[in-house]
Amino acid sequence: MHILQKYLHKYQKIYKKLNKDSLPNAKVSDILNKRGENMKLSQIPYERITLEEITAKMREFIDRFENATSAKEQMEIYKQYDEYGADISTTFSLLNIRFTLDTTDEFYAKEKDYLNEISPFVEQLTQEFND
């Protein structure tokens, strides 16, 4: 169920970005259904997350966590960090799926190369937060 909750969170953000109504009490199936039809993989939007964006957000989490004045505040920051990590993971998974489906697609081949290039830096930032 935890994985489905991550996808629900991701799709709620996507709907908000598309200026659709927020779906605060929606079920995963409500979001994955589009006009009564199951959403196809090709219909799930992919948006590159740059290393600069990830670095800025991770540094913000690290700074906020280190400067938190209570355990409760740290728990809230960790929850936000975990949700952001789920968003990154979902984006990377979608990229990997699309690349695997068609390794000749130049766009996803370049995106996969970019992912391979930034992954060690993302891991380093994750480790820094967890230390």
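This is a predicted model: local features need pLDDT of at least 70, side-chain atom pairs count only at pLDDT 80 or more; totals for chains, interfaces and linings use all residues.
A pair of aromatic rings is described by the distance of the centres and the angle of the planes. In this model, 9 aromatic pairs are counted. One of them joins Phe 61 and Tyr 81, whose ring centres lie 6.1 Å apart with 80° between the planes, an arrangement called edge-to-face. Because Phe 61 belongs to helix 3 (residues 51-66) and Tyr 81 to helix 4 (residues 71-101), this pair ties together parts that are 20 residues apart in sequence. Both Phe 61 and Tyr 81 are buried.

Another pair is made by Phe 107 and Tyr 108, with centres 4.9 Å apart and planes at 85°, and since planes over 60 degrees apart count as edge-to-face, this pair is edge-to-face as well. Phe 107 is partly exposed, at a relative accessible area of 44%, whereas Tyr 108, with 13% relative accessibility, counts as buried.

Aromatic residues also gather in a group, for Phe 61, Phe 65, Tyr 78, Tyr 81, Tyr 84 and Phe 129 form one aromatic cluster. A ring can also have a charged side chain over it: Arg 48 lies over the face of Tyr 114, at 3.8 Å from the ring centre.

The last stop is Lys 112, a residue of helix 5 (residues 106-130). Lys 112 is buried but has no salt bridge, and the nearest side chain of opposite charge, that of Asp 113, is 8.1 Å away. If its neighbours within four places in sequence are left aside, Lys 112 is in contact with Leu 95, Asn 96 and Phe 99.

Terms used: Residues are numbered from 1 along each chain as its sequence is written. Side-chain values use heavy atoms; hydrogens and water are left out. Rings of Phe, Tyr and Trp (its six-membered ring) pair if their centres lie within 6.5 Å; planes under 30 degrees apart count as stacked, over 60 as edge-to-face and the rest as tilted. Helices (H or I, at least four residues) and strands (E, at least two) are DSSP runs, numbered from the N terminus. Buried means under 20% relative accessible area, exposed over 50%, partly exposed in between (1.4 Å probe, protein chains only). A charge sits over a ring if NZ of Lys or CZ of Arg is within 6 Å of the ring centre and within 35 degrees of the ring normal. Lys and Arg count as positive and Asp and Glu as negative; His and the chain ends are not counted. A salt bridge is a side-chain nitrogen of Lys or Arg within 4 Å of a carboxyl oxygen of Asp or Glu. Contact means heavy atoms within 4.5 Å.
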